[in-house]
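Trainee: I am new to this structure and would like a close look at one part of it. Could you walk me through the surroundings of the ligand?

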Amino acid sequence: MFNPAAEAMPLPVLRALQLERLQATVERLHEHVPAYQGKFAAAGLTPADLKTLDDLRRFPFTRKRDLRDHAPFGLAAVGRTELRRVHASSGTSGKATVVGYDEHDLEVFAEVVARSLHAGGARPGMLFHNAYGYGLFTGGLGIHAGAERLGVGVVPASGGNTERQVQLIEDLAPEVIACTPSYALVLADALQRRGHTPGTISLQYAILGAEPWSEAVRQEVQARLGVRATNIYGLSEIIGPGVSNEDAGEQQGSYLWEDHFYPEIVDPQTEEPLPDGEYGVLVLTSMSRTAMPLLRYWTGDITRLLPGENKTGRTVRRMDGIRGRSDDMIILRGVNVYPTQIEAVLAHLQDLSPHYQLVLSRSGAMDELLLRVECARVDAALRQEVVRLVKAQVGVTIGCELCEIGSLPRSEGGKLQRVLDLRAPR
Ligand code: ADP
Ligand code: K
């Protein structure tokens with residue numbers, strides 16, 4: 001363990017610490033964030049109503065739309081001069097949701113990522129190839145700072161340019177890699193083309209996340225790269241990657257750093273908390289952040305908390321892999337995309353009808369997204385313009401097909417299924 005005192009805290013001590021931190025968070029929000037003050041008042045609650053952990057269920061959720069409505073820093077509990085870093089994740093309106101960190105939050109971020117990477121097999125002295133994208137997304141810089149905290153040597157490879165990644169892996173011989181699971185398979189292909197076998201690849205551990213993946217993909221990555229692969233989970237609203245990570249020796253669910261993030265699983269319909277072991281929406285409270293703590297954040301991710309003993313001696317609970325989402329968010333090669341973001345781009349272009357369809361498919365290891373949109377004049381320049389605008393405004397490369405007016409399905413009263421997911425389950 002990177003931090004045994006925190007990861008294996010006696011349970012009564014952990015629960016007491018959680019209550020103390022939750023109470024402090026609610027106080028802080030009540031005092032410094034007018035939007036929360038309003039939400040509490042509307043629910044007839046004051047911070048004094050949080051007397052036990054069980055009382056948390058009486059408090060309101062925070063949703064993506066709350067962040068959007070108060071963008072960029074309306075939910076911040078500190079002034080902007082306190083901010084030390086800003087990240088962004090995609091939103092539903094084509095505008096990113098902005099999250100801010102102060103010095104203390106960056107400490108917490110580095111700590112939980114260090115714990116996560118350690119659980120995933122990384123140890124001081126190893127070289128660590130970070131192929132998450134550096135920039136506004138939390139993956140690159142977040143993992144980078146945590147890796148430095150752990151004491152590994154970081155190679156900030158960032159995403160893309162597979163040939164260069166392969167060259168770096170050959171030249172520097174890193175023991176650990178972090179990237180999305182689908183990109184791990186792309187790298188496996190590229191390494192194989194260069195004549196490598198698992199035995200000639202230096203990597204021993206792969207820490208994979210940002211998108212859902214299955215046990216079958218784990219087996220494939222492990223066999224082809226010769227690594228132990230673990231699942232890292234997180235989201236920028238709460239902190240970024242490093243909310244939870246599996247243990248490389250155990251590989252049975254991701255340890256959720258419960259001293260910083262309070263997990264609940266709630267029924268997506270009734271919105272009531274469910275017992276450990278049952279599937280529902282993961283709701284997280286960031287209990288020890290100061291710049292932008294969020295109360296009961298509705299992640300939209302469907303999973304369960306795993307009851308029962310573990311093999312590592314940690315006392316914090318584990319969560320299962322993400323089974324799906326409770327909303328229409330698409331995760332394309334690790335990037336979150338909402339259909340409405342694409343819709344917003346289409347609205348800027350003349351000659352396009354508002355009728356469109358998104359088709360998700362899989363070519364080799366990579367997911368592809370094809371936009372089919374109706375159009376009065378089918379021409380190549382317009383098609384390229386759509387692709388270029390989506391790349392510029394949503395951040396993903398898609399395919400585009402212009403179709404004749406009237407050729408796509410119309411709603412027959414009910415909710416139109418705009419996304420056609422043809423990907424076989426991994
Ligand atoms: P990141 O850049 O780390 O992916 P975002 O905030 O952009 O962070 O995206 C967070 C979302 O990505 C999560 O709510 C979840 O839907 C998805 N996600 C992140 N990690 C995983 C994972 N290990 N398995 C499945 N989905 C994941
Ligand atoms: K993501």
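Mentor: Happy to. Let us begin with residue classes: Ala, Val, Leu, Ile, Met, Phe, Trp, Tyr, Cys and Pro count as nonpolar, Asp, Glu, Lys and Arg as charged, and the others, Gly among them, as polar. By that scheme, the shell around ligand 1 holds nine nonpolar, eleven polar and three charged residues. Please keep in mind that this is a predicted model, in which local features need pLDDT of at least 70 and side-chain atom pairs count only at pLDDT 80 or more, while totals for chains, interfaces and linings use all residues. Residues are numbered from 1 along each chain as its sequence is written, and chains are lettered from A and ligands numbered from 1 in the order in which they are written.

A residue is near the ligand if its C-beta atom, placed from the backbone, lies within 6 Å of it. There are 23 residues around ligand 1, and those that come nearest are Gly209, Ala210, Leu235, Ser236 and Ile322. Two or more residues of the shell are given by each of helix H6 (138–150) and strands E7 (228–235), E8 (240–246) and E12 (297–303). Helices (H or I, at least four residues) and strands (E, at least two) are DSSP runs, numbered from the N terminus. E7 supplies the largest share of the shell, five residues.

Along the principal axes, its C-alpha atoms fill a box of roughly 65 × 60 × 40 Å.
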